Amino acid sequence: MIKILLENNQGFKWYTKNNVFVKGYIFDDQNNYYAGESLLDYFLNITDVKHLMNKLKKTNGLFSLVIHKKEILFLAVDRLRMFPIFYQEDKKEIIITDNTNKLKANINHRVIDEFKATGYVTGKNTLLNNVFQVQAGELLIFDKFWKNHFYYNYSIEDDNQLSYNNNYNKAITVFEETGKRLIKSLNNKTAIIPLSGGYDSRFIASVLKQNNYENVVCFTYGRKGNKESEISEKVAKTLDFKWHFIEYNNELIDGFPENVIFKDYYQFSANNTSMFFMQEYFAVKYLKENKLIPDDSVFVPGHSGDFLGGSQITKYRIKKSYKKKKLTNKIYGDKYIFNKKSPNELIYKEQIEQFITEFDATYLSYSIYEDWDMKEKLAKLIVNSSNVYNFFGYEHRLPFWDIHITDFFKILPFELKQGKAFYDQVLQNYYLHPLDLVFASEKHKKTEVNWISYLKKKIRK
């Protein structure tokens with residue numbers, strides 16, 4: 001027997017018909033937009049696995065999908081598993097759910113050690129025994145037994161071989177087209193930009209301004225007088241966008257561990273898989289409770305342009321090529337960092353090596369590193385933090401995870417990713433400088449910034 005228990009309807013809602021369940025939004029390969037009932041119609045008449053795989057490969061957006069036809073079950077999530085789906089199986093039934101907190105299951109003590117080291121549980125596992133998750137970019141099929149297919153990978157066999165100028169022009173085209181899709185999906189709703197001091201969120205604000213999208217509210221948060229808030233305010237004022245600063249002080253956060261809303265949030269966000277993020281929780285809660293933004297607002301954060309641009313290559317001093325053993329040790333050494341030497345180190349390295357083995361020798365090893373990083377750390381920890389918007393009832397968009405942007409950057413030559421120089425130059429020259437959004441006060445020596453990042457990595461444990 002198969003039970004389908006999908007109940008998280010904050011922000012994005014589940015739509016269902018004829019045992020098809022879907023939530024989120026997508027564009028297809030013809031730039032047609034689907035959300036709500038139209039998204040449900042897009043997936044209604046699936047005939048077989050091949051048909052579904054072809055559809056999934058053409059999807060461009062954030063979504064989760066469950067199809068139950070007779071005794072066959074299809075489960076799929078987008079390339080970042082933005083809306084996680086879980087499954088539990090015993091001899092009598094299979095339960096499909098988006099809320100592991102309602103399941104009867106014991107803690108899986110073996111993976112607790114991994115969770116402490118990374119902040120998330122890797123692969124299909126969760127913190128619960130016999131409860132598993134659909135992984136980023138995965139289609140999972142149950143027909144008497146489970147079969148899985150990854151319809152999307154970030155790893156490559158070769159880069160694009162284009163010249164610098166050709167890549168530059170291509171990047172601008174991709175960014176421009178993505179901006180148009182973003183605006184189409186917003187449908188005149190208020191765009192809320194968590195505006196930090198970095199280029200990622202500044203790019204989003206610039207795109208909206210250049211396309212004359214005026215219904216924009218920016219905000220930032222933190223301690224009073226912090227440098228990021230000063231830059232954020234400058235950007236908003238320069239673009240003539242409304243701006244809010246939420247000061248993080250004792251009054252704002254007092255008593256939060258006992259707060260019922262917070263307890264609901266961390267269970268919703270963690271879902272027995274990953275560490276919940278607290279950074280934006282207080283700010284979004286403040287905006288909502290003080291009615292500073294409309295109820296149908298759409299948050300547009302800058303996740304995670306710097307990753308695509310190559311920040312991890314510089315931060316972790318990644319080389320272009322590794323032997324399998326060295327790549328295994330590199331991923332383990334860079335990502336299992338939050339506690340001391342683990343008694344399960346060999347088990348985790350075996351898991352990483354198995355992941356690497358899925359790609360044959362023709363794949364570029366640095367791109368396998370990036371693929372692991374995207375499916376594990378980014379999907380489960382970094383981008384998963386966006387569920388704070390859903391928790392408070394808002395939708396969100398992730399422009400940098402438009403498939404055309406990710407497909408462009410995944411085949412960008414390794415040399416152009418180093419130092420994130422190409423990415424920064426495109427944003428500066430085409431978007432930020434024309435709008436006077438590069439400020440003299442924020443220019444830092446990259447070697448100094450990189451050294452600080454490296455030092456933090458070393459002392460973090």
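Reply: Helices here are DSSP runs of H or I with at least four residues, numbered from the N terminus. The model is predicted.

Me: Which residue just after α4 takes a positive phi?

Reply: Helix α4 covers residues 164–186. Just after α4 comes a residue with a positive phi of about 55°, and that residue is Asn187.

Me: Which helix gives the most to the lining of the second largest pocket?

Reply: The second largest pocket holds about 530 Å³ of space. Of the 20 residues that line this pocket, the closest to its centre are Gln135, Phe150, Gln354, Phe355 and Glu358. At least two lining residues come from each of β11, α13 and α14. With four residues, the element that gives the most is α13.

Me: Are the rings of Phe12 and Tyr25 stacked or edge-to-face?

Reply: Phe12 lies in the loop between β1 and β2 and Tyr25 in strand β3, so the pair ties together parts that are 13 residues apart in sequence. The ring centres of Phe12 and Tyr25 are 6.2 Å apart. Planes under 30 degrees apart count as stacked. The planes of Phe12 and Tyr25 stand at 20°, so the pair is stacked.

Me: Is Phe12 buried or exposed?

Reply: Buried means under 20% relative accessible area. Phe12 has 3% relative accessibility, and therefore counts as buried.

Me: Which ring has Arg79 over its face?

Reply: A charge sits over a ring only when CZ of Arg is within 6 Å of the ring centre and within 35 degrees of the ring normal. Arg79 lies at 4.8 Å from the ring centre, over the face of Tyr152.

Technical notes
Residues numbered from 1 in each chain as written. Predicted model: local features only at pLDDT ≥ 70, side-chain atom pairs only at ≥ 80, totals over all residues. Heavy atoms only, no water. 1 Å grid on protein atoms, 1.4 Å probe; cavity = no way out; pocket = protein on both sides within 12 Å on 5 of 7 lines; lining within 4 Å. Points joined across faces, edges and corners; volume = space filled by probe spheres on them. Expected span 1.5 Å × (residues − 1). Phe/Tyr/Trp six-rings, centres within 6.5 Å; stacked < 30°, edge-to-face > 60°. Buried < 20%, exposed > 50% of the residue type's maximum accessible area, 1.4 Å probe, protein only.
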